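Here is a quick tour of some charged contacts and the strands around them. Have a look at the model first, then read on.

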Amino acid sequence: VQLMESGGGSVQAGGSLALSCAASGRHFSINAMGWYRQAPGKQRELVATITSGGDNTNYGDPVKGRFTISRGRAKNTMYLQMNNLKPEDTAVYYCKAEVFTVAAGEGDYWGQGTQVTVSS
């Protein structure tokens, strides 16, 4: 199973960006998904998570009220709408999924990351 993020880029403070994550592969199902980020010299931190049905979400304190996480109808896609971006949001954003595969059972899978840069 592979996860692929897209939608990163550069924006000025106060602007918006939207990230996407799509899972591909064979014979798998996805439970919860989430976005995490890692800034230079810092540990990876939670941005937001969402359950399989999309009915429960959780956000890290720094992004509450500004970011919105959602799942696509196909359930193998996930989105992050980021509004009112701040320079401190600059980081590599990673997609994570809790995946069940016939071959390997349950496990966490990560995307390769996409860079988000916010200038002041």
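What follows covers the salt bridges and then the strand pairing.

A word on the ground rules: this is a predicted model, in which local features need pLDDT of at least 70 and side-chain atom pairs count only at pLDDT 80 or more, while totals for chains, interfaces and linings use all residues. Residues are numbered from 1 along each chain as its sequence is written, and side-chain values use heavy atoms, with hydrogens and water left out.

**Salt bridges**

How many salt bridges does the structure hold? There are five, where a salt bridge is a side-chain nitrogen of Lys or Arg within 4 Å of a carboxyl oxygen of Asp or Glu.

| Pair | N to O distance |
|---|---|
| Arg 37 and Glu 45 | 2.6 Å |
| Asp 89 and Arg 37 | 2.9 Å |
| Lys 96 and Asp 108 | 3.6 Å |

Arg 37 turns up in a network of salt bridges that links it with Glu 45, Arg 66 and Asp 89. Now for burial: buried means under 20% relative accessible area, exposed over 50%, and partly exposed in between (1.4 Å probe, protein chains only). Arg 37 and its other partner, Asp 89, salt-bridge at 2.9 Å. That pair links distant parts of the chain, 52 residues apart: Arg 37 sits in strand S4 (residues 28–38), and Asp 89 in the loop between strand S8 (77–82) and strand S9 (91–101). Asp 89 is buried too, with 0% relative accessibility.

Then there's Lys 96, whose side chain meets that of Asp 108. Lys 96 lies in S9 and Asp 108 in strand S10 (residues 105–110), so the pair ties together parts that are twelve residues apart in sequence. Lys 96 counts as buried at 16%, whereas Asp 108 is partly exposed at 47%.

**Around S9**

Strands here are DSSP runs of E (at least two residues), numbered from the N terminus, and two strands pair if DSSP finds at least two bridges between them. Which strands does S9 run antiparallel to? S4 is joined to S9 by nine bridges, S10 by six and strand S11 (residues 114–119) by three, each pairing antiparallel.

S9 and S10 form a hairpin, with three residues between them. Eight of the eleven residues of S9 are buried, so this strand is largely enclosed by the rest of the structure.

Conventions
Helices (H or I, at least four residues) and strands (E, at least two) are DSSP runs, numbered from the N terminus.
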